[in-house]
Amino acid sequence: MKPVLDGTVALVTGASSGIGAATAAVLADHGAAVALAARRRDRLDTLAAGIRDQGGTALVLESDITDEQQATDAVARTVAELGRLDTLINNAGVMLLGPAVSAPLREWQQMVELNVLGLLYCAHAALPHLLRAAEDSPRRVADMVNISSVAGRVARNGSGVYNLTKHGVGAFSESLRQEVTRRYVRVSLVEPGATATELAGHNRPEVLDSMRNQFGQRMQAEEIADAIIYIVTRPRHVAVNEMLIRPTEQER
Ligand SMILES: NC(=O)c1ccc[n+]([C@@H]2O[C@H](COP(=O)([O-])OP(=O)(O)OC[C@H]3O[C@@H](n4cnc5c(N)ncnc54)[C@H](OP(=O)(O)O)[C@@H]3O)[C@@H](O)[C@H]2O)c1
């Protein structure tokens, strides 16, 4: 049987580690040509080499998507070099926690610049291509999957700005879903709980110390990739709007 995403092209932001890298690999396994966007080129090169070894197609896009031009270029190069865009996985994100009082403002700016603006730049640039793919591709459907978080559902003491960005991703996704769903661009929201990736490691040491007790059981990035693949391989008339996935032992 032909892989279900044969002939489609997917762009994954934040593909150099964690959920993005796992998702890109599984999309390629399912037959999609994948464009890999992130800042660490060496990581992307290694992932791309692995995908090509398996007979897949991968395009490396060294991009900082907080820069509007680089985000727009990432989408444009995907279409120019791989021919189209059927699937956008808006995954790149940063989570910098700790009390709001005396928090370094730069951390708040980083989260808004990447989790909100970076995602919006990619979404804006990708939409015309996704709409076209939904019209002319053999599957006649296209997907934008936005990666939010449990933190996009519930706000907690010590994660206010991360909560703000992820709640924003949820609101934007639902609004956009209503706008484009009749044109067969499916906009989906994935909200993972604790997942073993590099995400927490970018926090200040004192924040990391206080976080250690908070997180118990964790999921693997591949388990979130599995959910994303489920979403983008549904038949044309089935849209999975939202998926909230926690480790079984995670209560909140
Ligand atoms: N892990 C969890 O527990 C968890 C839970 C809920 C939601 N999430 C969400 O899942 C998504 C993926 O995170 P992860 O857990 O897989 O963490 P991760 O391993 O830290 O991955 C983050 C990715 O974002 C990329 N990135 C960071 N800044 C970027 C920039 N300016 N431009 C382009 N790419 C950039 C990183 O690549 P470079 O550094 O190479 O640029 C990396 O590939 C995030 O949106 C996160 O909020 C994660």
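Is Arg153 buried, partly exposed or exposed, and what is its relative accessibility? At 41% relative accessibility Glu242 counts as partly exposed, and so does Arg153 at 44%; buried means under 20% relative accessible area, exposed over 50%, and partly exposed in between (1.4 Å probe, protein chains only).

This is a predicted model, in which local features need pLDDT of at least 70 and side-chain atom pairs count only at pLDDT 80 or more, while totals for chains, interfaces and linings use all residues. Residues are numbered from 1 along each chain as its sequence is written, and side-chain values use heavy atoms, with hydrogens and water left out.

Seven strands form an open sheet with parallel pairing, in the order S3-S2-S1-S4-S5-S6-S9. Strands (E, at least two residues) and helices (H or I, at least four) are DSSP runs numbered from the N terminus, and two strands pair if DSSP finds at least two bridges between them. The edge strands, each pairing on one side only, are S3 (58-62) and S9 (242-245). Strand S6 (residues 185-192) is joined to S9 by four bridges, and Pro192 stands opposite Ile245 in S9.

The side chains of Glu242 and Arg153 meet in a salt bridge (3.0 Å, N to O), defined as a side-chain nitrogen of Lys or Arg within 4 Å of a carboxyl oxygen of Asp or Glu. Because Glu242 lies in strand S9 and Arg153 in the loop between S5 and H5, the pair ties together parts that are 89 residues apart in sequence.

Another salt bridge links Asp86 with Arg84, at 2.9 Å between the closest N and O atoms. Asp86 counts as buried, at 1% relative accessibility.
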